[in-house]
Amino acid sequence: TEEEIMAFCEKNYGVTFPMFSKIEVKGKDIHPLYDFLTHKEKNGNVDSDVSWNFQKFLIGKDGTVRESISPRQSVLDPDIRKMIDALRAEG
């Protein structure tokens with residue numbers, strides 16, 4: 001259940017933020033959001049596979065998908081911080 005998923009994430013990963021409902025991120029029943037995020041022909045910039053729950057996508061202020069970031073890479077990584085800071089600085 002969604003409650004069990006939240007309890008697991010709180011216990012094992014210290015998650016305190018609101019989480020989306022469980023959805024399909026691959027395959028024939030892929031949710032439209034992930035269909036857009038992972039297919040360059042739909043988002044214009046990025047082809048990406050979702051390999052695990054904590055896949056991250058950087059989205060520009062204009063709504064374009066800019067990067068797909070591995071779930072194993074921290075948003076605190078200096079390279080990722082540079083990408084985030086560059087997006088924040090855009091007009």
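Is Ile5 buried, partly exposed or exposed? Ile5 is partly exposed, at 33% relative accessible area; buried means under 20%, exposed over 50%, and partly exposed in between (1.4 Å probe, protein chains only).

1. Basis. This is a predicted model: local features need pLDDT of at least 70, side-chain atom pairs count only at pLDDT 80 or more, and totals for chains, interfaces and linings use all residues. Residues are numbered from 1 along each chain as its sequence is written, and side-chain values use heavy atoms, with hydrogens and water left out.

2. Helix H1. Ile5 sits in H1, residues 2–13 (helices are DSSP runs of H or I, at least four residues, numbered from the N terminus). Its twelve residues should span 16 Å at 1.5 Å a residue, and the end C-alpha atoms are 16 Å apart, which agrees; the expected span is 1.5 Å times one less than the number of residues. Just after H1, Gly14 has a positive phi of about 70 degrees.

3. Glu4. Glu4 also belongs to H1. Glu4 is exposed, with a relative accessible area of 54%. Its C-alpha atom lies 22 Å from that of Ile30, 26 residues away along the chain.

4. Cores. Ile30 is one of seven residues in the largest nonpolar core, with Tyr34, Leu37, Val46, Val50, Phe57 and Val65. Such a core is a set of buried Ala, Val, Leu, Ile, Met, Phe, Trp, Tyr and Cys residues joined through side-chain atoms within 4.5 Å. Apart from it lies another core of five residues, including Leu58, Ile69, Ile80 and Leu87.

Conventions:
Helix = DSSP H or I, 4+ residues; strand = E, 2+ residues; numbered from the N terminus.
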